[in-house]
Amino acid sequence: FAVPEHWLRYRCIDYGLDMLACYWVAIDENGRSWVYRELYRKGLIVSDAAMAVRSHTLPGEAIQITFAPPDLWSRSRDSGKTSAEVFLQGGIPLVRADNNRVQGHLQIKELLSPMPDGRPGMVRFDACKHLMDDIQAIQVGEKNPRDCAKQPHAGTHSVDSIRYYSVSRKLLTETAQAPEEPDEFAPLRYEELMTGGHADTSYVNY
């Protein structure tokens, strides 16, 4: 379905040269998160990754925040720039997410738990295939059962991206207000009251 325009929308990314995993998430009036778009592509340098994220974002689509891992703020020895700066120059401003893995995976589980209507607090559109496959395939960490395994690495990108979204603070969508109907008894402006407003055909046909 078409995501309602008044739903607040967020992006979350996990970036590496081996894989860019970016997700678009909208929050409805009940607080449920809808993961509605997926960008999953490998071999992109940072500037191309920013371009890909921008090209997958619709014109006029208002994104509140794009959450990203802290390592994107590490400076390059060659250019002195951070990957976050390159994303910003490419039109994608980032907000640093908490990288606490245990808390992040715990928050994913919280979002996947049932809400009062019995459905999960986070659901995804069919187009987000990698996310569903990776969440189902990821294993419990061997050393820390509260964490998730880092291997095989190929299946961690989408889960890490959603982890940055899950552990971050978001605003909730308010119920859309119906447009107010004009009040025929509202006070007129001075020009309308004293001059009758703009001339129209009624002046000619009087």
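Reader: What is the mean pLDDT of the chain?

Author: pLDDT is the predictor's confidence in each residue, from 0 to 100. The mean for this chain is 84, and 78% of its residues reach 70 or more. This is a predicted model, in which local features need pLDDT of at least 70, side-chain atom pairs count only at pLDDT 80 or more, and totals for chains, interfaces and linings use all residues. Residues are numbered from 1 along each chain as its sequence is written, and side-chain values use heavy atoms, with hydrogens and water left out.

Reader: At what angle do helix H4 and helix H5 pack?

Author: Helices are DSSP runs (H or I, at least four residues), numbered from the N terminus. Axes are lines fitted to C-alpha atoms over the stretch in contact, and angles run from 0 to 180 degrees between N-to-C directions. H4 (residues 129–137) and H5 (residues 157–166) pack at about 95°, their axes 8 Å apart. That makes H4 roughly perpendicular to H5 (65 to 115 degrees).

Reader: Which residues in H4 and H5 meet?

Author: Contact means heavy atoms within 4.5 Å. His130, Leu131, Asp134 and Ile135 in H4 meet Ser158, Val159 and Ile162 in H5.

Reader: How many residues of H5 are buried?

Author: Buried means under 20% relative accessible area, with a 1.4 Å probe and protein chains only. In H5, 10 of the 10 residues are buried, so the helix is largely enclosed by the rest of the structure. Among them are Asp160, Arg163 and Tyr164.

Reader: In which sense do strands E1 and E4 pair?

Author: Two strands pair if DSSP finds at least two bridges between them. E1 (residues 8–16) and E4 (residues 63–68) pair in the parallel sense over 3 bridges.

Note on methods. Helix = DSSP H or I, 4+ residues; strand = E, 2+ residues; numbered from the N terminus. Parallel < 35°, antiparallel > 145°, perpendicular 65-115°, else oblique. Buried < 20%, exposed > 50% of the residue type's maximum accessible area, 1.4 Å probe, protein only.
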